[in-house]
Amino acid sequence: MIDKNKITATIKYTLPEIELQINSLENTLKMRFYGIESLDYLKPYEKLLSDMKKIRESLINKYNNAVEDDNRFKGEVHGV
């Protein structure tokens, strides 16, 4: 049987969209609801926030590496 908690999806985000998602999750995690003592309901939001921060870091690293490669290529072409 397939575990529905293990199914994944590919979603396309831009860096500004990732930043917006992170900001929204951080604000959600600051909210507390009257009458709810257990904070277990926050765990999925905390996991998603952690994942989104990793995705943001990965995207920034890929961008920086692409810029470095492009600069290196331009230097080789122009004999710098």
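Five salt bridges, by the rule I use here: a Lys or Arg side-chain nitrogen within 4 Å of an Asp or Glu carboxyl oxygen. Before the details, two notes. This is a predicted model, where local features need pLDDT of at least 70, side-chain atom pairs count only at pLDDT 80 or more, and totals for chains, interfaces and linings use all residues. Residues are numbered from 1 along each chain as its sequence is written, and side-chain values use heavy atoms, with hydrogens and water left out.

Start with Glu19 and Arg56. Their closest N and O atoms are 3.2 Å apart. Glu19 sits in helix α1 and Arg56 in helix α2, so this pair ties together parts 37 residues apart in sequence. Helices here are DSSP runs of H or I, at least four residues, numbered from the N terminus. Glu19 is partly exposed at 33% relative accessibility. Arg56 is partly exposed too, at 22%. On the cut-offs, buried is under 20% relative accessible area, exposed is over 50%, and partly exposed is in between, with a 1.4 Å probe and protein chains only.

Next, Glu26 and Lys53. Their side chains meet in a salt bridge at 3.5 Å, N to O. Again it is α1 to α2, so parts 27 residues apart in sequence are tied together. Glu26 has 29% relative accessibility, and Lys53 has 32%.

Then Asp40 with Lys43, at 3.4 Å between the closest N and O atoms. Asp40 is partly exposed, at 48%.

Now the core. Which residues make up the largest nonpolar core? There are seven: Ile18, Ile22, Leu25, Leu29, Leu42, Leu49 and Met52. The biggest share is from α1, with four. By definition, such a core joins buried Ala, Val, Leu, Ile, Met, Phe, Trp, Tyr and Cys residues through side-chain atoms within 4.5 Å. In general, nonpolar side chains of soluble globular proteins tend to be buried together.

Look at Leu49. Beyond its neighbours within four places in sequence, Leu49 contacts Ile22, Leu25, Glu26 and Leu29. Contact means heavy atoms within 4.5 Å. Glu26 is the residue that also bridges to Lys53.

Last, Asn65. Asn65 belongs to helix α2, residues 43-77. Is Asn65 buried or partly exposed? Partly exposed, because its relative accessibility is 42%. Compare its position with Glu37: 28 residues apart in sequence, and 46 Å apart in space, C-alpha to C-alpha.

Key. Helix = DSSP H or I, 4+ residues; strand = E, 2+ residues; numbered from the N terminus.
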